[in-house]
Amino acid sequence: ARRSMTMKGLAELYCREYLPRKKPASQKNDESMLANNILPALGSKKITAITTGDIARLHAGMRGVPYLANRTLSLLSKMFSIAERFGFLPDGKNPVRHIDRYPEKPRKRYLSGPELARLGETLSQLEADGRLNPCAIAAVRVLLLTGARVSEILRLRWTWVDLEVGLLRLPDSKTGEKEIVLNQAAMQILASLPREDLNPFVFPGERPGTHYSSLQKPWAAIV
């Protein structure tokens, strides 16, 4: 097995043992990088024969998409670390070492005044027509008024909402414990939302005790 393990075999091991531990969005990203970037270039190669040069050429070929190139490099590094752990690759032979990542510039995109006005009008129209879940509309409005992450709002619990002082107290956001200041409009939206006795979440899901899972489809409808 040590002599015959290919990158395709390592990918199968990774997908079977490690990918299910990740969040759905991360699983989808990893599967895409494997199918579109890693396996076409390295799938048939034995992992013991893959060199730092092979990885560097793959990385260089993706220089036009530096963010994706760096994520692909991180995935490869993880996979080779797993190969070392299971004995398919000697310790210290991870070929991703010493390859520099591309610098990444954070992308920012703010809605213009006219765009915000159109978005507000669309939300109001969808709300009046009843064509969109009111929970999704309220979540989008709170996102616009707070600048919070989508996951922070969808997983928001009533115990974290303090309308008296105008704060959201998030005990475990992506950056750790965090407070978000609420303006008057955001507080009015939150105060108007119904509370379910057996559901701790501000934006409840369809099943009892769950939160609204995704804004992907509602946002597509809004757009």
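**Figure 1. Contacts and overall dimensions of the chain in the predicted model.** Of the contacts between residues at least 6 apart in sequence, 58% join residues at least 24 apart. The chain has nine helices and three strands, arranged along the sequence as α-α-α-α-α-α-α-β-β-β-α-α. Its C-alpha atoms fill a box of roughly 65 × 40 × 30 Å along the principal axes. The radius of gyration is 23 Å, whereas a compact globule of 223 residues would have a value near 17 Å. Buried residues account for 37% of the 223 residues. The chain exposes about 14100 Å², and carbon and sulfur atoms supply 52% of that area.

**Figure 2. Helix 4 (66-86) and what covers its buried residues.** Helix 4 has 21 residues, and at 1.5 Å a residue these should span 30 Å. The end C-alpha atoms of helix 4 are 30 Å apart, which agrees with that expectation. Its buried residues are Ala-69, Asn-70, Thr-72, Leu-73, Leu-75, Leu-76, Met-79, Phe-80, Ile-82, Ala-83 and Glu-84. An α-helix has 3.6 residues a turn, so residues three or four places apart point the same way. The cover over the buried residues of helix 4 includes helix 1 (7-17), helix 2 (24-42) and helix 3 (52-60). Just after helix 4, Gly-87 takes a positive phi of about 85 degrees.

**Figure 3. A nonpolar patch on the surface, formed by four leucines: Leu-111, Leu-116, Leu-144 and Leu-145.** Together these residues have about 300 Å² of accessible area. Leu-111 is found in the loop between helix 4 (66-86) and helix 5 (113-129). With a relative accessible area of 38%, Leu-111 is partly exposed. This value passes the cut-off for patch membership, because patches are made of residues with over 30% relative accessible area and no salt bridge.

**Figure 4. The salt bridge between Arg-109 and Glu-115.** The structure holds 11 salt bridges, and this view shows one of them. The closest N and O atoms of Arg-109 and Glu-115 are 3.0 Å apart. Which of the two partners counts as exposed? Arg-109 does, at 60% relative accessibility. Glu-115 has a relative accessible area of 24% and is partly exposed. Side chains of opposite charge can pair when their charged atoms come close.

**Figure 5. The salt bridge between Glu-127 and Arg-141.** The two side chains meet at 3.2 Å, N to O. The pair links distant parts of the chain, with Glu-127 in helix 5 and Arg-141 in helix 6 (residues 134-146). Glu-127 and Arg-141 are 14 residues apart. Glu-127 is partly exposed, with a relative accessible area of 43%.

**Figure 6. The salt-bridge network of Arg-149, Glu-152 and Lys-178.** Glu-152 forms a salt bridge with Arg-149, and the closest N and O atoms are 3.4 Å apart. Salt bridges that share partners join Arg-149, Glu-152 and Lys-178 into one network. Is Glu-152 buried or exposed? Glu-152 counts as buried, because its relative accessibility is 6% and buried means under 20%. Arg-149 counts as partly exposed, at 33% relative accessibility.

Definitions and conventions. Residues are numbered from 1 along each chain as its sequence is written. This is a predicted model: local features need pLDDT of at least 70, side-chain atom pairs count only at pLDDT 80 or more; totals for chains, interfaces and linings use all residues. Side-chain values use heavy atoms; hydrogens and water are left out. Patches are made of residues with over 30% relative accessible area and no salt bridge: like charges are joined within 9 Å, nonpolar side chains (Val, Leu, Ile, Met, Phe, Trp, Tyr) within 5 Å. Accessible areas come from the Shrake-Rupley method with a 1.4 Å probe; for residues, only the protein chains shown count as cover. Helices (H or I, at least four residues) and strands (E, at least two) are DSSP runs, numbered from the N terminus. Buried means under 20% relative accessible area, exposed over 50%, partly exposed in between (1.4 Å probe, protein chains only). The expected span of a helix is 1.5 Å times one less than its number of residues. Contact means heavy atoms within 4.5 Å. The radius of gyration is taken over C-alpha atoms; the globule rule is 2.2 Å times the number of residues to the power 0.38.
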